[in-house]
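Take a look at the sequence and the model, then read on for what is inside.

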Amino acid sequence: MTLRNPPIAEALPPVFEERTPRTGLAALILGNLSTSIGLFVLFLLLLIAIFAPWLGTVDPLAIDPTLRTRPPSADHFFGTDKLGRDLWSRVLFGTRVSLIVGFAVAVAATLLGVLLGMVSGYVRVLDGLLMRAMDAVMSIPSILLAIALVALTRPSVLNVIIAITVAEIPRVARLVRSVVLSLRDLPYVEAGVVSGSSSAKILRRHILPNAIAPIIVQATYICASAMIIEATLSFIGAGTPASIPSWGNIMAEGKALWQVKPMIVLIPAAFLSVTVLAVNMVGDGLRDALDSRLVKDV
Amino acid sequence: MTPLLSVRGLSKEYEVGRSLFGKTTKTVKAVQDVSFDIAKGETLSLVGESGCGKSTVGRAIAGLHAATVGEVLLDGRSIADTPSAGWHSRVQVVFQDPFSSLNPRMRVRDIIAEPLTNFGSTRAKTEARVKELIDLVRLPRDAGDRFPHEFSGGQRQRIGIARALAPKPELVICDEAVSALDVSVKAQIVNLLADLRAELGLALLFISHDLAIVDHITDRVAVMYLGRIVEIGTRDDLFGAPVHPYTRALLSAVPVVDPGQRRDRIVLQGELPSPLSPPSGCAFRTRCPLAEPGCAGNVPALTDVGPGRQVACPVVTRTTADVN
Amino acid sequence: MSLLDVRNLQTHFRTRGGVNRAVEGVSFHVDAGETLAIVGESGCGKSVTSMSIMRLLPENAARSAGEILLNGRNLLDLSEAQMRDVRGNEIGMIFQEPMTSLNPVLTVGAQVKETVALHQSIPSADVHDRALRMLELVGIPDAARRMTEYPHQLSGGMRQRIMIALALVCQPKLLIADEPTTALDVTIQAQILELLRDIQREQGTSIILITHDLGVVAEATDRTVVMYAGRKIEEAPTATLLAAPRHPYTQGLLAAVPRLGGDGSGRLAEIPGQVPDMRKPMTGCAFANRCAQATDFCRAHAPALERKAPGHIAACHLAEPEILA
């Protein structure tokens with residue numbers, strides 16, 4: 001060191017009060033209250049669906065002509081419908097149909113939509129053909145398409161799932177195609193080409209992992225939409241058969257008594273609304289979390 | 001002796017603007033009739049301003065798009081007749097943007113290994129080679145386990161260089177490879193490229209708009225303007241005594257840091273013409289201080305003005321001829 | 001009194017990885033009619049400094065402390081409404097990428113006229129003439145026709161001229177140019193720098209030119225502030241700074257600039273290492289980890305700015321001050 005005493009800079013005070021930032025999963029969940037509420041509600045509904053037989057329910061199909069349209073009581077928490085079936089049991093078992101349909105359609109439509117979208121976005125010769133086909137499907141409102149498809153077969157949960165899936169595929173395919181188009185010209189995709197990777201490998205390693213965030217978000221919206229379409233189909237008698245209680249057909253059967261016993265319609269309707277709301281809240285939360293992670297810190 | 005790389009009469013046209021019924025309404029001639037050779041271990045730089053077509057030439061050689069007309073040959077064999085594995089194990093690319101050229105979801109090890117696994121390296125060999133490459137480009141030893149976003153721009157460019165060198169290529173195309181980097185880091189990467197070139201006997205096609213960097217690394221230079229080469233020659237000849245008026249203007253526009261070394265500046269008037277509607281004849285005539293009425297006629301051809309030196313400007317070649 | 005006097009400016013960002021001390025105690029002044037360069041590499045805080053002066057940073061994530069005195073008035077104390085008045089009327093700003101700063105669906109003429117009408121109280125009949133004159137002032141050929149065109153129809157250089165015209169409409173006393181030529185080709189860069197010089201000469205505007213390019217600094221500025229890791233590390237008249245830099249970082253930066261007249265060997269002087277992470281607490285000199293001459297004293301104690309020669313200050317323990325007569 002030199003002989004002189006060089007001036008030393010003083011440390012400056014912080015402008016912000018220091019705060020340990022949350023990281024990882026905790027930040028993801030705590031950072032977004034509505035997501036955690038949505039997740040909690042969905043978890044509750046899942047428990048209800050799994051443990052429906054043990055939650056004070058009786059056979060949801062058991063008819064008791066002596067107990068028709070009873071108000072709520074200790075024996076029948078939600079009362080009974082016009083055939084004397086226990087509404088509590090029917091609504092709880094109905095949770096199963098909604099969750100199964102929502103989840104199955106989300107998975108099936110996403111998988112098929114991703115496949116079609118990636119092919120369409122990357123193999124340009126097939127793009128025109130595939131996208132016109134998607135446009136044709138999209139030009140029919142999905143509810144009408146589903147009605148038509150179910151009408152061709154006999155009502156069953158599987159057929160409902162297939163019908164709604166077909167109607168929802170174009171939404172995923174279009175989204176995936178546009179994401180693929182925006183990614184395919186990125187230098188790291190070109191680097192993959194120069195590295196000798198085949199188209200399939202480029203799609204698998206470079207494009208799909210970077211497109212996954214919007215796809216997951218879209219899947220949650222499709223899940224919500226599928227639940228609504230299922231309920232609608234069942235409500236108009238073109239969906240889940242009467243032998244399986246679903247929120248839609250419970251409402252359908254209650255509609256004749258709407259003026260005197262609105263509870264029979266309102267309770268499954270409330271369940272449906274809360275479920276769809278919860279799914280959408282999770283979707284919005286995921287979108288925010290996945291988006292902001294792509295935004296670079298200043 | 002056949003050169004390592006030959007580019008013969010390369011042209012690339014793009015279709016822009018389609019009418020409602022899918023008919024192409026306009027074509028942009030991004031590159032027109034470009035020819036040059038690169039010998040083994042030699043560095044050729046393509047320089048010019050944005051839109052001059054230098055990157056389009058690089059992409060055609062890299063096999064990222066096909067030429068509209070013309071040939072790209074490696075040891076006399078055309079890229080059109082060579083499968084991707086055969087071409088890309090010998091010709092590699094270092095990209096401009098160190099951020100978007102690395103897949104953010106892959107570990108550095110997998111990024112570097114990608115060409116190796118594609119070109120049939122065994123797992124054990126790949127692992128050893130990746131370690132070797134990480135050392136070669138002077139990345140920290142633990143870099144392989146990390147993701148690109150954990151690195152700074154300069155470090156990321158080292159990853160890109162390691163990936164390009166993985167299959168032991170003979171020609172590396174550096175497409176503005178240091179343009180996005182800060183001065184102090186730029187120097188690190190230029191030095192690394194120069195060292196690797198000497199160590200591995202690489203030929204480089206160095207595409208850059210930065211003449212000062214080019215001056216530090218190149219053997220030969222080709223200057224492009226609006227899709228054509230207007231002057232080509234060795235570094236000493238071309239930078240020492242530029243002939244084409246565009247080359248002169250380009251060189252004089254390079255800012256000078258050192259006080260007291262200001263050159264007389266030729267500030268070009270006007271803008272780069274749109275490649276959609278280039279001027280007739282010599283494309284540079286609209287900004288050229290030497291333009292004559294005759295320049296609007298034919299497109300000037302490259303003519304020899306010395307050993308390995310060609311210029312596409314009849315005005316200057318005529319006056320030099322007069323002097324001789 | 002200086003036109004602009006920045007005193008001990010701190011600007012911090014709240015980020016996921018902790019508080020980023022992007023600007024940490026920077027002071028400088030700009031006199032009337034001079035061009036000040038703020039030079040440094042990416043992440044050094046030069047652009048954040050200019051955004052702090054304009055108060056253009058997101059309020060929830062960024063906060064500034066210190067003083068930014070424009071004609072003696074502290075900009076950090078102004079309300080947002082008062083600040084809107086300052087932007088444009090007293091300080092004009094041009095950015096690196098002129099395309100994103102222009103509205104793509106409005107003609108160039110409409111945008112210039114809108115700015116003229118907004119900031120100058122002249123009869124609406126004269127607005128068109130004034131706008132036309134502004135475009136002619138910034139050297140746009142065939143300005144009347146250009147006014148009917150959209151930004152995408154113009155080249156990068158033309159768009160940057162439009163941005164300069166917009167920034168100059170109200171004849172601001174200060175023009176902040178943040179990397180105005182970085183996105184442009186060299187031949188166009190030369191034109192734009194010449195334009196800035198002309199405007200300064202004719203209108204007496206002060207200019208802060210923010211750039212990473214020492215070539216631009218040399219060509220176009222009077223005085224230079226060098227920033228590193230959010231701090232001002234050296235300041236001197238540009239010619240002095242380039243001829244005899246005192247801080248090792250400035251010296252390294254100058255040596256690393258590629259110059260024409262190389263030998264083709266590819267060797268350039270490099271500064272080893274990386275810029276420090278500004279979210280981590282820093283002890284000692286911010287440059288110590290890359291400095292070849294750093295001592296233990298440097299690593300332990302951050303150097304303060306010190307006058308090394310008349311008009312020349314630097315923050316380095318090892319740079320001995322000249323004995324001043």
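## A valine inside a helix

Let's start with A:Val176, which sits in helix 6 (residues 157–184) of chain A. Helices here are DSSP runs of H or I with at least four residues, strands are E runs of at least two, and both are numbered from the N terminus. This is a predicted model, where local features need pLDDT of at least 70 and side-chain atom pairs count only at pLDDT 80 or more, while totals for chains, interfaces and linings use all residues. Residues are numbered from 1 along each chain as its sequence is written, and chains are lettered from A and ligands numbered from 1 in the order in which they are written.

Is A:Val176 buried or exposed? A:Val176 is buried, because 26 other C-beta atoms lie within 10 Å; the cut-off for buried is 20 or more such atoms, exposed means 12 or fewer, partly exposed is in between, and C-beta atoms are placed from the backbone. Leaving out residues up to four places away in sequence, A:Val176 touches A:Gly113, A:Val114, A:Gly117, A:Met118, A:Gly121, A:Ala211 and A:Ile215. Touching, or being in contact, means that C-beta atoms placed from the backbone lie within 7 Å. As for A:Ala133, 43 residues apart from A:Val176 along the chain, the two C-alpha atoms are separated by 15 Å.

## Two helices crossing in chain A

Helix 3 (residues 87–122) and helix 8 (residues 199–235) of chain A pack at about 145°, and their axes are 7 Å apart. Axes are lines fitted to C-alpha atoms, for helices over the stretch in contact, and angles run from 0 to 180 degrees between N-to-C directions. The contact includes A:Val114 and A:Met118 from helix 3 of chain A and A:Ile215 from helix 8 of chain A. Sorted by class, this contact has 17 nonpolar, four polar and one charged residues. Here Ala, Val, Leu, Ile, Met, Phe, Trp, Tyr, Cys and Pro count as nonpolar, Asp, Glu, Lys and Arg as charged, and the others, Gly among them, as polar.

## The nonpolar core

The largest nonpolar core has 257 residues, and A:Ile164, B:Ile61, B:Ile173, B:Leu205, B:Val223 and C:Ile208 have the most contacts inside it. Such a core is a set of buried Ala, Val, Leu, Ile, Met, Phe, Trp, Tyr and Cys residues joined through C-beta atoms within 7 Å. Helix 8 of chain A brings the largest share of this core, with 15 residues.

## The sheet and a helix in chain B

Chain B has an open sheet of eight strands in the order 6-7-8-3-9-10-12-11, with mixed pairing; two strands pair if DSSP finds at least two bridges between them. Strand 6 (91–94) and strand 11 (303–306) of chain B are at the edges with a single partner strand each, so one side of each has no neighbour in the sheet. On average, neighbouring strands of this sheet are turned by 25° against each other, direction ignored. Strand 9 (residues 220–225) and strand 10 (residues 228–234) of chain B run antiparallel and are joined by six bridges, with B:Ala222 opposite B:Ile232.

Now for helix 3 (residues 108–118) of chain B: eight of its 11 residues are buried, so this helix is largely enclosed by the rest of the structure. Its cover includes helix 7 (187–194) of chain A, along with helix 2 (84–88), helix 4 (123–136) and helix 5 (153–165) of chain B. After helix 3 of chain B comes B:Gly120, with a positive phi near 80°.

## A covered strand in chain C

Why is strand 7 (residues 174–178) of chain C largely enclosed by the rest of the structure? Five of its five residues are buried, so the strand is largely enclosed. C:Leu174, C:Ile176 and C:Asp178 are buried on one side, and C:Leu175 and C:Ala177 on the other.

Strand 7 of chain C pairs in the parallel sense with strand 6 (residues 91–94) of chain C over four bridges. Five bridges join strand 7 of chain C to strand 8 (residues 206–211) of chain C, also parallel, and there C:Ile176 stands opposite C:Ile208.

## Where the chains meet

The contact of chains B and C takes 38 residues from chain B and 41 from chain C. Helix 8 (186–203) of chain C gives the most to the chain C side, with six residues. Between chains A and C, 14 residues of chain A are in contact with 25 residues of chain C. That chain A side has 11 nonpolar, one polar and two charged residues.

Notes: Two residues are in contact if their C-beta atoms, placed from the backbone, lie within 7 Å.
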